[in-house]
Amino acid sequence: MPVTPTRRSVLAAAVAAGAGLITGCSSADSGSSSPKKGGTLRAAFPGAGVKETMDPHAQRQFVDIARHKAVFDKLVELDSTLRPVPGLARAWSSDDEARVWRFELREARFHDGHVLDADDVLYSLSRILDPDAADHLAKNSLSHVDLANCRKAGKRGVEIALTRPNAELPSQLAMTGTSIVRDGWDDPTRPVGTGPFRFVSFTAGRSFTGRRFDDHWRGAPHLDEVRILSAETEARAAAVRSGEVHFAHEMTPTFARTVAHDSRVRVVATKHSGVQGFALKTDRAPFDDPDAALAVKLLVDRERLVEVVCSGRAEIGNDLYGKGYTYYPDGLEQRERDVAEARRLLKRTGLYNKKVTFYTSTAAGGFPQAAHLFAEQAGEAGLKVDIVNGPPESYFTDVLGKGTITNHRCGAMTIPTYLSERLLSDSPQNQTAWKHADFDDAFTAARAVADDDERTERYWSVQTTLRDQGGLVLWGHPEWLNAISRTVQGVKEAPPNTVDWARFDTVWLG
């Protein structure tokens, strides 16, 4: 599709502020295997306008997370299987109850020369948990950190005390919004971290520039600079094909099919990278009745949604998050389409031939397409659907309160983090408004169990409850598609929010 002048000019202006167009983008240039020093890599991500931020504790969009990853580091990272691996913490251990944790710190250096210490970690935790900071993403998940009893431990250690046992703390310290900042730092206009790139400049809704930090604890990046730009889908597609950018994040299956024989571009596809689905509001009629929600789960044609919305590049979902991840209950029978049973339930709950509202948006590729396809499928069972379009820049905030049915998607995170951030009564992103004290208690009890087998069984139990009674209709697990210039080397297949995702310190230009 053609790029509108406005979208195109914004991206072109941002690119023009750096180096010129990419040259030498033929497939032959992709053969270099030895890392090369130098150059400026330009990466384009979906933008969020004036809401973009360099505050690493307030991040919500992928463009923010990628920029923060360039400047900051976390204590713990997640590998491609969503297991915790060392970051700024080189090792960790807990007491028998998983209530007191000790983390051993690396001798990592901040961009201003200060060497990481326990005070930086303790300050970062206090800043994340600031009661006046409503936008700090990890505040809910880390609310059980007992700041008053956290302390330094030896020369390079920090002890994190909890108000209740939690065997998942290392994974939670790897979630988005948990970067470590300098003790006393509180100026997002002048970010100082331990990350692989020093901050140079940032303009919300447009661009970020970072310059190589030679003293990074993992080693200096190959690149001289990285520029992370904001652009909508069509602009990203045009820019990576024309050579204006080297990396385009979150591309559509249609784009992947279009460039299949384009020698200038390669698509990096990562399986098990999240979920697509629909969210039903369970705190109001009609979906406060689990049978009404079940009717929707039975009327959707999952195979058709995967075929049309994802061009077949997805695995069929079973109304559960995290297929392929630790704690996923593989043994449950696949939910199949059953229009007759769905119609029976619609009649029993008084929804037959009634109308519900589906609130959608162009905020993510395939959302409107999925909404219209759902409306067709619902009509076959006797449910009428009125589709309402919302603004893309605020959609992911709006859906927390608007719409009887909304689009739902999520990138990669651990299953416990997904549950704690989206499905507890006080979860900040509780899109289905699922609020049940007994579910909260069962989840909290599962997280506290130190024994792996018992904890797994308990997590399976809470997920089964959610699948049968909750408001999530998770129909597909799509591949995550990024596009890169053939001149770019070192890009790894990695789910979003994991250690090798948006890892620009290890890539180079051929």
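Residues are numbered from 1 along each chain as its sequence is written, and side-chain values use heavy atoms, leaving out hydrogens and water.

How many aromatic pairs does the structure hold? There are 22. Rings of Phe, Tyr and Trp (its six-membered ring) pair if their centres lie within 6.5 Å; planes under 30 degrees apart are stacked, over 60 edge-to-face, and the rest tilted. Phe 278 and Phe 358 are edge-to-face, at 5.5 Å centre to centre and 80° between the planes. Phe 278 belongs to strand β13 and Phe 358 to strand β15, so their pair ties together parts 80 residues apart in sequence. Helices (H or I, at least four residues) and strands (E, at least two) are DSSP runs, numbered from the N terminus.

Now look at Phe 443 and Tyr 459. Their planes are at 45° and their centres 6.0 Å apart, so this pair is tilted. Phe 443 sits in helix α13 and Tyr 459 in helix α14, 16 residues apart. Phe 443 is buried, at 0% relative accessible area, and Tyr 459 is buried at 0% too. Ring pairs also join Phe 45, Phe 62, Phe 247, Trp 480, Trp 501 and Phe 504 into a cluster.

On to charges! A search of the whole structure finds 32 salt bridges, each one a side-chain nitrogen of Lys or Arg within 4 Å of a carboxyl oxygen of Asp or Glu. In one of them, Glu 380 meets Arg 337 at 2.8 Å, N to O. Glu 380 lies in helix α10 and Arg 337 in the loop between β14 and α9, so the bridge ties together parts 43 residues apart in sequence. Glu 380 is partly exposed at 45% relative accessibility, and Arg 337 is partly exposed at 29%. A network of salt bridges links Arg 302, Asp 319, Arg 335, Arg 467 and Asp 468.

Finally, confidence. The chain averages a pLDDT of 92, and 94% of the residues score at least 70; pLDDT is the predictor's confidence in each residue, from 0 to 100. Over residues 16-31 the pLDDT is below 50. Where pLDDT is low, the predicted coordinates should not be read in detail.

Technical notes. Buried means under 20% relative accessible area, exposed over 50%, partly exposed in between (1.4 Å probe, protein chains only). Contact means heavy atoms within 4.5 Å.
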